[in-house]
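I opened a new structure today and wanted to get my bearings. These are my notes on what I looked up.

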Amino acid sequence: MTKGSNNDTGDRNGAAGRVTLRFQSLAWQKESVAATKELVKEWNAEHPDIRVQYVQGSWDTVHDQLLTAFEGGEAPDLIHDASDDLADFAYGGYLADLRGLLPDGLKEDIPQQSWETATFGNGVYGVPFLQEPRVLIANPKILKASGIRIPTPERPWSWGEFRDVTKRLSGGGRYGVAWPLKEPVSITLNLGLSTGGQLFRRGADGKVRVAFAPGDAVVPGTVHDQVNIDKSAARTTLGMGGSDTLPGFFGGKYAMVPLGFSYRQQIVQQAPAGFEWTVLPAPVGGASLAQGVSPQTLSVARDSTHKKEAAEFIGFLLRAPNMVRLAEGDWMLPTGTRALAAPALHTAKYGWATGAALARYLRPAPAQPVRGYPEWKDKVATPAFQEYYSGAIGVEELRQRLVGDGNLVLARYQR
(Lines give C-alpha, C1' and ligand atoms only; values in the text may rest on other atoms or scores of the structure.)
Protein backbone atom coordinates (compact mmCIF):
# COMPACT_ATOMS: atom_id res chain seq x y z
CA MET A 1 0.00 0.00 0.00
CA THR A 2 1.04 3.55 -0.64
CA LYS A 3 1.89 5.12 2.66
CA GLY A 4 -0.46 7.85 3.89
CA SER A 5 1.01 11.31 3.92
CA ASN A 6 -0.56 12.28 7.26
CA ASN A 7 1.26 9.54 9.16
CA ASP A 8 -1.99 8.31 10.71
CA THR A 9 -1.98 4.74 11.88
CA GLY A 10 -4.65 2.50 13.31
CA ASP A 11 -6.52 -0.69 12.63
CA ARG A 12 -9.86 -1.17 10.92
CA ASN A 13 -11.79 -1.47 14.17
CA GLY A 14 -10.04 1.31 16.06
CA ALA A 15 -10.19 1.90 19.78
CA ALA A 16 -13.36 1.58 21.85
CA GLY A 17 -15.39 0.36 18.88
CA ARG A 18 -14.31 3.18 16.57
CA VAL A 19 -14.32 2.33 12.87
CA THR A 20 -11.31 3.39 10.81
CA LEU A 21 -11.74 3.61 7.04
CA ARG A 22 -8.74 3.89 4.76
CA PHE A 23 -9.39 6.28 1.88
CA GLN A 24 -6.89 6.15 -0.95
CA SER A 25 -7.06 9.47 -2.79
CA LEU A 26 -5.45 10.23 -6.14
CA ALA A 27 -5.74 13.99 -5.74
CA TRP A 28 -2.41 15.45 -6.82
CA GLN A 29 -2.78 19.15 -7.56
CA LYS A 30 -2.04 21.29 -4.52
CA GLU A 31 -5.53 22.78 -4.38
CA SER A 32 -7.15 19.39 -4.89
CA VAL A 33 -5.14 17.67 -2.16
CA ALA A 34 -5.90 20.53 0.22
CA ALA A 35 -9.65 20.40 -0.51
CA THR A 36 -9.78 16.62 -0.08
CA LYS A 37 -7.80 16.60 3.15
CA GLU A 38 -9.91 19.43 4.56
CA LEU A 39 -13.11 17.50 3.85
CA VAL A 40 -11.66 14.39 5.52
CA LYS A 41 -10.81 16.54 8.52
CA GLU A 42 -14.36 17.93 8.65
CA TRP A 43 -15.84 14.42 8.46
CA ASN A 44 -13.62 13.19 11.28
CA ALA A 45 -14.62 16.13 13.46
CA GLU A 46 -18.31 15.36 12.90
CA HIS A 47 -18.01 11.56 13.14
CA PRO A 48 -15.70 10.62 16.01
CA ASP A 49 -16.77 6.97 15.80
CA ILE A 50 -16.06 6.62 12.05
CA ARG A 51 -12.58 7.89 11.37
CA VAL A 52 -11.31 8.25 7.79
CA GLN A 53 -7.58 7.87 7.26
CA TYR A 54 -6.26 9.68 4.18
CA VAL A 55 -3.86 7.58 2.09
CA GLN A 56 -2.05 9.16 -0.87
CA GLY A 57 -2.09 7.19 -4.11
CA SER A 58 -0.79 7.97 -7.59
CA TRP A 59 -2.53 8.01 -10.96
CA ASP A 60 0.64 6.66 -12.58
CA THR A 61 0.58 3.35 -10.70
CA VAL A 62 -2.97 2.97 -9.42
CA HIS A 63 -4.12 0.03 -11.58
CA ASP A 64 -1.25 -2.31 -10.75
CA GLN A 65 -1.09 -1.11 -7.15
CA LEU A 66 -4.80 -1.77 -6.60
CA LEU A 67 -4.63 -5.17 -8.28
CA THR A 68 -1.82 -6.19 -5.94
CA ALA A 69 -3.73 -4.83 -2.94
CA PHE A 70 -6.95 -6.63 -3.90
CA GLU A 71 -5.22 -9.95 -4.42
CA GLY A 72 -3.31 -9.54 -1.17
CA GLY A 73 -6.39 -8.64 0.85
CA GLU A 74 -4.97 -5.21 1.69
CA ALA A 75 -7.15 -2.92 -0.41
CA PRO A 76 -8.27 0.40 1.09
CA ASP A 77 -11.92 0.63 2.07
CA LEU A 78 -12.50 3.68 -0.13
CA ILE A 79 -10.97 3.83 -3.58
CA HIS A 80 -10.46 6.88 -5.79
CA ASP A 81 -9.98 5.93 -9.45
CA ALA A 82 -11.32 6.67 -12.93
CA SER A 83 -14.26 4.90 -14.51
CA ASP A 84 -12.24 3.50 -17.41
CA ASP A 85 -10.08 1.62 -14.91
CA LEU A 86 -12.98 -0.07 -13.11
CA ALA A 87 -14.18 -2.74 -15.55
CA ASP A 88 -11.64 -5.44 -14.70
CA PHE A 89 -11.98 -4.73 -10.96
CA ALA A 90 -15.79 -4.80 -11.13
CA TYR A 91 -16.02 -7.99 -13.18
CA GLY A 92 -13.23 -9.49 -11.10
CA GLY A 93 -15.32 -9.17 -7.95
CA TYR A 94 -13.04 -6.73 -6.15
CA LEU A 95 -15.51 -3.85 -5.79
CA ALA A 96 -18.76 -3.61 -3.84
CA ASP A 97 -22.03 -3.08 -5.71
CA LEU A 98 -23.15 0.31 -4.40
CA ARG A 99 -26.84 -0.09 -5.18
CA GLY A 100 -28.76 0.19 -1.94
CA LEU A 101 -25.83 1.76 -0.08
CA LEU A 102 -25.80 5.33 -1.37
CA PRO A 103 -28.07 8.19 -0.23
CA ASP A 104 -31.11 8.71 -2.48
CA GLY A 105 -30.26 12.37 -2.91
CA LEU A 106 -26.87 11.56 -4.40
CA LYS A 107 -28.31 8.92 -6.72
CA GLU A 108 -30.88 11.39 -8.03
CA ASP A 109 -28.47 14.31 -8.38
CA ILE A 110 -26.02 12.60 -10.72
CA PRO A 111 -27.40 12.17 -14.29
CA GLN A 112 -27.96 8.71 -15.71
CA GLN A 113 -25.31 9.10 -18.41
CA SER A 114 -22.75 9.62 -15.64
CA TRP A 115 -23.95 6.57 -13.70
CA GLU A 116 -23.52 4.52 -16.88
CA THR A 117 -19.77 5.13 -16.71
CA ALA A 118 -19.56 3.10 -13.50
CA THR A 119 -22.20 0.47 -14.29
CA PHE A 120 -20.90 -2.97 -15.23
CA GLY A 121 -23.35 -5.79 -15.78
CA ASN A 122 -26.18 -5.20 -13.35
CA GLY A 123 -24.13 -3.45 -10.67
CA VAL A 124 -22.87 0.05 -9.92
CA TYR A 125 -19.27 -0.08 -8.76
CA GLY A 126 -18.29 3.56 -8.43
CA VAL A 127 -19.72 7.03 -7.94
CA PRO A 128 -18.68 9.33 -10.81
CA PHE A 129 -18.04 12.77 -9.34
CA LEU A 130 -15.55 14.80 -11.42
CA GLN A 131 -15.23 14.95 -15.19
CA GLU A 132 -13.50 17.05 -17.80
CA PRO A 133 -14.25 17.70 -21.44
CA ARG A 134 -11.40 18.07 -23.89
CA VAL A 135 -11.23 21.66 -25.10
CA LEU A 136 -9.06 23.84 -27.31
CA ILE A 137 -6.77 26.18 -25.41
CA ALA A 138 -6.12 28.99 -27.87
CA ASN A 139 -4.14 32.20 -28.29
CA PRO A 140 -6.88 34.78 -29.00
CA LYS A 141 -4.48 37.34 -30.48
CA ILE A 142 -3.39 34.91 -33.19
CA LEU A 143 -6.96 33.85 -33.94
CA LYS A 144 -8.31 37.40 -34.14
CA ALA A 145 -5.43 38.59 -36.32
CA SER A 146 -6.24 35.86 -38.85
CA GLY A 147 -9.87 36.94 -39.15
CA ILE A 148 -11.25 33.43 -38.56
CA ARG A 149 -14.59 32.78 -36.91
CA ILE A 150 -14.24 32.12 -33.20
CA PRO A 151 -16.23 29.02 -32.20
CA THR A 152 -18.65 28.87 -29.26
CA PRO A 153 -20.53 25.98 -27.64
CA GLU A 154 -23.59 27.19 -29.55
CA ARG A 155 -21.69 27.29 -32.86
CA PRO A 156 -18.55 25.14 -32.72
CA TRP A 157 -16.23 24.32 -35.59
CA SER A 158 -16.81 21.15 -37.57
CA TRP A 159 -13.80 18.87 -37.96
CA GLY A 160 -13.47 20.01 -41.57
CA GLU A 161 -13.59 23.66 -40.55
CA PHE A 162 -11.05 23.00 -37.83
CA ARG A 163 -8.66 21.53 -40.37
CA ASP A 164 -9.07 24.58 -42.61
CA VAL A 165 -8.55 26.94 -39.66
CA THR A 166 -5.31 25.28 -38.61
CA LYS A 167 -3.99 25.66 -42.17
CA ARG A 168 -4.78 29.37 -42.11
CA LEU A 169 -3.07 29.79 -38.74
CA SER A 170 0.14 28.06 -39.86
CA GLY A 171 3.26 29.52 -41.42
CA GLY A 172 6.32 31.53 -40.53
CA GLY A 173 7.48 28.97 -38.00
CA ARG A 174 4.07 28.68 -36.35
CA TYR A 175 1.66 25.72 -36.36
CA GLY A 176 -2.10 26.02 -36.14
CA VAL A 177 -2.31 23.23 -33.59
CA ALA A 178 -0.12 21.04 -31.41
CA TRP A 179 -1.52 17.59 -30.69
CA PRO A 180 0.09 16.11 -27.54
CA LEU A 181 -0.43 12.42 -28.31
CA LYS A 182 1.94 10.53 -26.05
CA GLU A 183 -1.22 8.73 -24.89
CA PRO A 184 -3.30 8.82 -28.09
CA VAL A 185 -6.02 6.26 -27.48
CA SER A 186 -8.48 7.86 -25.08
CA ILE A 187 -8.16 11.24 -26.83
CA THR A 188 -8.95 9.71 -30.20
CA LEU A 189 -11.83 7.55 -29.00
CA ASN A 190 -13.46 10.19 -26.81
CA LEU A 191 -13.39 12.94 -29.43
CA GLY A 192 -14.62 10.42 -31.99
CA LEU A 193 -18.05 10.28 -30.37
CA SER A 194 -18.83 13.62 -32.01
CA THR A 195 -18.59 11.97 -35.43
CA GLY A 196 -20.53 8.85 -34.51
CA GLY A 197 -17.37 6.89 -33.76
CA GLN A 198 -17.80 4.07 -31.28
CA LEU A 199 -15.09 1.53 -32.25
CA PHE A 200 -16.31 -1.03 -29.70
CA ARG A 201 -19.59 -2.72 -30.53
CA ARG A 202 -21.48 -5.40 -28.60
CA GLY A 203 -22.88 -8.25 -30.67
CA ALA A 204 -26.02 -10.30 -30.21
CA ASP A 205 -23.95 -12.81 -28.26
CA GLY A 206 -23.13 -10.12 -25.70
CA LYS A 207 -19.45 -10.00 -26.64
CA VAL A 208 -17.63 -6.75 -27.46
CA ARG A 209 -15.62 -6.50 -30.67
CA VAL A 210 -13.67 -3.78 -32.44
CA ALA A 211 -15.20 -2.48 -35.68
CA PHE A 212 -13.57 0.48 -37.44
CA ALA A 213 -16.50 2.28 -39.15
CA PRO A 214 -16.41 5.55 -41.15
CA GLY A 215 -17.29 7.58 -38.06
CA ASP A 216 -14.25 6.17 -36.28
CA ALA A 217 -11.91 7.45 -39.00
CA VAL A 218 -12.77 11.17 -38.96
CA VAL A 219 -10.78 12.30 -35.91
CA PRO A 220 -7.65 10.22 -36.55
CA GLY A 221 -7.82 11.13 -40.23
CA THR A 222 -7.95 14.83 -39.40
CA VAL A 223 -4.93 14.61 -37.11
CA HIS A 224 -3.00 12.50 -39.62
CA ASP A 225 -3.66 14.97 -42.43
CA GLN A 226 -2.79 18.01 -40.30
CA VAL A 227 0.58 16.46 -39.47
CA ASN A 228 1.51 14.77 -42.74
CA ILE A 229 -0.29 16.68 -45.52
CA ASP A 230 -1.15 20.20 -44.33
CA LYS A 231 1.87 20.58 -42.04
CA SER A 232 -0.46 22.57 -39.80
CA ALA A 233 0.17 20.36 -36.74
CA ALA A 234 3.60 20.02 -35.17
CA ARG A 235 5.08 16.56 -35.67
CA THR A 236 7.36 17.06 -32.66
CA THR A 237 4.43 17.13 -30.20
CA LEU A 238 3.08 13.69 -31.14
CA GLY A 239 5.23 12.09 -28.45
CA MET A 240 4.53 14.75 -25.85
CA GLY A 241 2.19 14.94 -22.89
CA GLY A 242 -0.05 17.97 -22.56
CA SER A 243 2.24 19.83 -20.18
CA ASP A 244 5.15 19.49 -22.61
CA THR A 245 3.37 21.64 -25.19
CA LEU A 246 2.79 24.63 -22.92
CA PRO A 247 6.19 26.34 -23.36
CA GLY A 248 5.72 26.33 -27.13
CA PHE A 249 2.16 27.58 -26.76
CA PHE A 250 3.29 30.42 -24.51
CA GLY A 251 6.01 31.25 -27.01
CA GLY A 252 3.57 31.57 -29.92
CA LYS A 253 4.78 28.44 -31.71
CA TYR A 254 1.30 26.87 -31.59
CA ALA A 255 -1.96 28.79 -31.98
CA MET A 256 -4.00 26.07 -30.23
CA VAL A 257 -3.53 22.97 -28.11
CA PRO A 258 -6.30 20.39 -27.44
CA LEU A 259 -6.14 19.66 -23.72
CA GLY A 260 -8.25 18.38 -20.87
CA PHE A 261 -10.20 21.10 -19.06
CA SER A 262 -8.09 20.77 -15.91
CA TYR A 263 -4.93 21.93 -17.69
CA ARG A 264 -6.17 25.46 -17.15
CA GLN A 265 -4.62 25.39 -13.70
CA GLN A 266 -1.16 24.74 -15.09
CA ILE A 267 -1.64 27.52 -17.62
CA VAL A 268 -2.61 29.98 -14.89
CA GLN A 269 0.45 28.98 -12.89
CA GLN A 270 2.97 28.89 -15.73
CA ALA A 271 1.90 31.45 -18.32
CA PRO A 272 4.14 34.54 -18.67
CA ALA A 273 2.78 37.76 -17.21
CA GLY A 274 0.25 39.32 -19.55
CA PHE A 275 -0.15 36.21 -21.73
CA GLU A 276 -3.70 35.94 -23.09
CA TRP A 277 -5.44 32.62 -23.62
CA THR A 278 -8.98 31.41 -24.07
CA VAL A 279 -11.00 28.18 -23.92
CA LEU A 280 -12.87 27.01 -27.02
CA PRO A 281 -15.07 23.93 -27.53
CA ALA A 282 -13.58 20.96 -29.35
CA PRO A 283 -14.62 20.46 -32.99
CA VAL A 284 -17.76 18.47 -33.72
CA GLY A 285 -19.13 16.04 -36.27
CA GLY A 286 -22.50 17.05 -37.64
CA ALA A 287 -24.20 19.07 -34.94
CA SER A 288 -23.08 16.97 -31.99
CA LEU A 289 -20.90 18.30 -29.18
CA ALA A 290 -20.80 14.81 -27.71
CA GLN A 291 -17.51 13.50 -26.44
CA GLY A 292 -16.56 10.63 -24.21
CA VAL A 293 -15.33 11.05 -20.66
CA SER A 294 -14.08 8.75 -17.95
CA PRO A 295 -15.06 10.52 -14.73
CA GLN A 296 -13.13 10.22 -11.52
CA THR A 297 -14.92 7.77 -9.26
CA LEU A 298 -15.21 6.71 -5.64
CA SER A 299 -15.65 2.98 -4.96
CA VAL A 300 -15.82 0.67 -1.96
CA ALA A 301 -13.76 -2.51 -1.76
CA ARG A 302 -15.90 -5.64 -1.65
CA ASP A 303 -13.74 -6.98 1.18
CA SER A 304 -14.34 -3.91 3.34
CA THR A 305 -16.08 -4.84 6.59
CA HIS A 306 -17.55 -1.34 6.81
CA LYS A 307 -19.33 -0.80 3.51
CA LYS A 308 -22.23 1.11 5.06
CA GLU A 309 -19.90 3.57 6.79
CA ALA A 310 -17.80 3.94 3.64
CA ALA A 311 -20.92 4.79 1.62
CA GLU A 312 -21.90 7.35 4.26
CA PHE A 313 -18.54 9.05 3.83
CA ILE A 314 -19.00 9.13 0.05
CA GLY A 315 -22.40 10.74 0.59
CA PHE A 316 -20.77 13.40 2.76
CA LEU A 317 -17.83 14.00 0.42
CA LEU A 318 -20.17 14.47 -2.54
CA ARG A 319 -22.73 16.80 -1.05
CA ALA A 320 -23.26 19.60 -3.58
CA PRO A 321 -21.15 22.25 -1.79
CA ASN A 322 -18.37 19.72 -1.19
CA MET A 323 -18.46 18.54 -4.80
CA VAL A 324 -18.00 22.16 -5.89
CA ARG A 325 -14.94 22.45 -3.64
CA LEU A 326 -13.47 19.29 -5.14
CA ALA A 327 -14.23 20.49 -8.68
CA GLU A 328 -12.60 23.87 -8.09
CA GLY A 329 -9.59 22.19 -6.49
CA ASP A 330 -9.11 19.90 -9.51
CA TRP A 331 -10.20 22.52 -12.09
CA MET A 332 -12.77 20.03 -13.38
CA LEU A 333 -16.56 19.83 -13.65
CA PRO A 334 -18.76 18.09 -11.07
CA THR A 335 -21.19 15.45 -12.28
CA GLY A 336 -23.90 16.49 -9.81
CA THR A 337 -26.54 18.81 -11.25
CA ARG A 338 -26.76 20.95 -8.11
CA ALA A 339 -23.01 21.38 -7.89
CA LEU A 340 -22.76 22.15 -11.61
CA ALA A 341 -25.25 24.98 -11.14
CA ALA A 342 -22.91 26.82 -8.73
CA PRO A 343 -22.25 30.37 -10.01
CA ALA A 344 -18.50 29.92 -9.51
CA LEU A 345 -18.51 27.34 -12.31
CA HIS A 346 -20.24 29.64 -14.81
CA THR A 347 -17.90 32.61 -14.87
CA ALA A 348 -16.14 33.67 -18.05
CA LYS A 349 -12.84 33.82 -16.18
CA TYR A 350 -10.53 30.92 -17.03
CA GLY A 351 -13.15 29.47 -19.37
CA TRP A 352 -15.35 27.97 -16.64
CA ALA A 353 -18.54 28.91 -18.51
CA THR A 354 -17.40 27.20 -21.73
CA GLY A 355 -16.67 23.99 -19.86
CA ALA A 356 -19.96 24.08 -17.99
CA ALA A 357 -21.83 24.53 -21.28
CA LEU A 358 -20.30 21.26 -22.54
CA ALA A 359 -21.22 19.20 -19.48
CA ARG A 360 -24.59 17.97 -20.75
CA TYR A 361 -22.97 16.56 -23.89
CA LEU A 362 -20.48 14.35 -22.06
CA ARG A 363 -21.07 10.64 -22.51
CA PRO A 364 -19.41 7.45 -21.25
CA ALA A 365 -16.12 6.82 -22.99
CA PRO A 366 -16.46 4.14 -25.71
CA ALA A 367 -14.00 1.89 -23.89
CA GLN A 368 -15.96 2.09 -20.64
CA PRO A 369 -17.46 -1.41 -20.46
CA VAL A 370 -14.72 -3.23 -22.35
CA ARG A 371 -12.91 -5.98 -20.51
CA GLY A 372 -9.31 -6.18 -21.58
CA TYR A 373 -9.22 -2.54 -22.65
CA PRO A 374 -5.96 -1.74 -20.76
CA GLU A 375 -4.12 -4.52 -22.61
CA TRP A 376 -5.71 -3.61 -25.96
CA LYS A 377 -4.74 0.01 -25.43
CA ASP A 378 -1.15 -0.69 -24.43
CA LYS A 379 -0.26 -3.53 -26.81
CA VAL A 380 -2.35 -2.78 -29.88
CA ALA A 381 -3.96 0.65 -30.10
CA THR A 382 -1.22 2.92 -28.73
CA PRO A 383 1.52 1.78 -31.11
CA ALA A 384 -0.92 1.61 -34.04
CA PHE A 385 -2.20 5.16 -33.54
CA GLN A 386 1.31 6.49 -32.94
CA GLU A 387 2.55 5.01 -36.20
CA TYR A 388 -0.51 6.24 -38.10
CA TYR A 389 -0.23 9.79 -36.80
CA SER A 390 3.47 9.92 -37.66
CA GLY A 391 2.74 8.75 -41.22
CA ALA A 392 4.52 5.41 -40.85
CA ILE A 393 1.38 3.42 -41.72
CA GLY A 394 -1.81 4.19 -43.63
CA VAL A 395 -5.42 4.00 -42.55
CA GLU A 396 -5.92 0.44 -43.82
CA GLU A 397 -3.00 -0.83 -41.76
CA LEU A 398 -4.42 1.07 -38.78
CA ARG A 399 -7.78 -0.59 -39.32
CA GLN A 400 -6.28 -4.07 -39.60
CA ARG A 401 -4.30 -3.71 -36.41
CA LEU A 402 -7.06 -2.17 -34.32
CA VAL A 403 -9.61 -4.72 -35.49
CA GLY A 404 -7.62 -7.88 -36.23
CA ASP A 405 -5.04 -7.76 -33.46
CA GLY A 406 -7.45 -6.00 -31.15
CA ASN A 407 -10.17 -8.62 -31.30
CA LEU A 408 -7.67 -11.35 -30.51
CA VAL A 409 -6.89 -9.53 -27.25
CA LEU A 410 -10.52 -8.87 -26.33
CA ALA A 411 -11.53 -12.47 -27.07
CA ARG A 412 -9.30 -13.77 -24.30
CA TYR A 413 -11.26 -11.72 -21.75
CA GLN A 414 -14.68 -12.89 -22.97
CA ARG A 415 -14.37 -16.66 -23.09
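My entries below cover one serine, the aromatic pairs and an arginine.

**Entry 1: the model.** I noted that this is a predicted model.

**Entry 2: Ser32.** I found Ser32 in helix H1, which covers residues 30-46. Is Ser32 buried or exposed? Its relative accessibility is 4%, under the 20% cut-off, so I count Ser32 as buried. I then looked up its contacts, leaving aside neighbours within four places in sequence. Ser32 touches Ala27, Gly329 and Asp330.

**Entry 3: aromatic pairs.** I got a count of 24 aromatic pairs. I looked at Trp43 and Phe313. Their ring centres are 5.4 Å apart and their planes meet at 85°, so I call the pair edge-to-face. Where do the two residues lie? Trp43 is in helix H1, and Phe313 is in helix H12 (residues 307-317). The pair therefore ties together parts that are 270 residues apart in sequence. Trp43 is buried, at 2% relative accessible area. Phe313 is buried too, at 1%.

I turned to Phe249 and Phe275, an edge-to-face pair with 5.4 Å centre to centre and 80° between the planes. Phe249 sits in helix H10 (residues 246-250). Phe275 sits in the loop between helix H11 (264-270) and strand S12 (278-281). I noted that 26 residues separate the two. Both Phe249 and Phe275 are buried.

**Entry 4: a cluster.** Which residues do ring pairs link into a cluster? I listed Phe23, Trp43, Tyr54, Phe313 and Phe316.

**Entry 5: Arg264.** I found Arg264 over the face of Phe261, 3.6 Å from the ring centre. The charged end of Arg264 also sits over the ring of Trp352, 4.0 Å from its centre.

Notes:
Residues numbered from 1 in each chain as written. Predicted model: local features only at pLDDT ≥ 70, side-chain atom pairs only at ≥ 80, totals over all residues. Heavy atoms only, no water. Helix = DSSP H or I, 4+ residues; strand = E, 2+ residues; numbered from the N terminus. Buried < 20%, exposed > 50% of the residue type's maximum accessible area, 1.4 Å probe, protein only. Contact = heavy atoms within 4.5 Å. Phe/Tyr/Trp six-rings, centres within 6.5 Å; stacked < 30°, edge-to-face > 60°. Lys NZ or Arg CZ within 6 Å of the ring centre and 35° of its normal.
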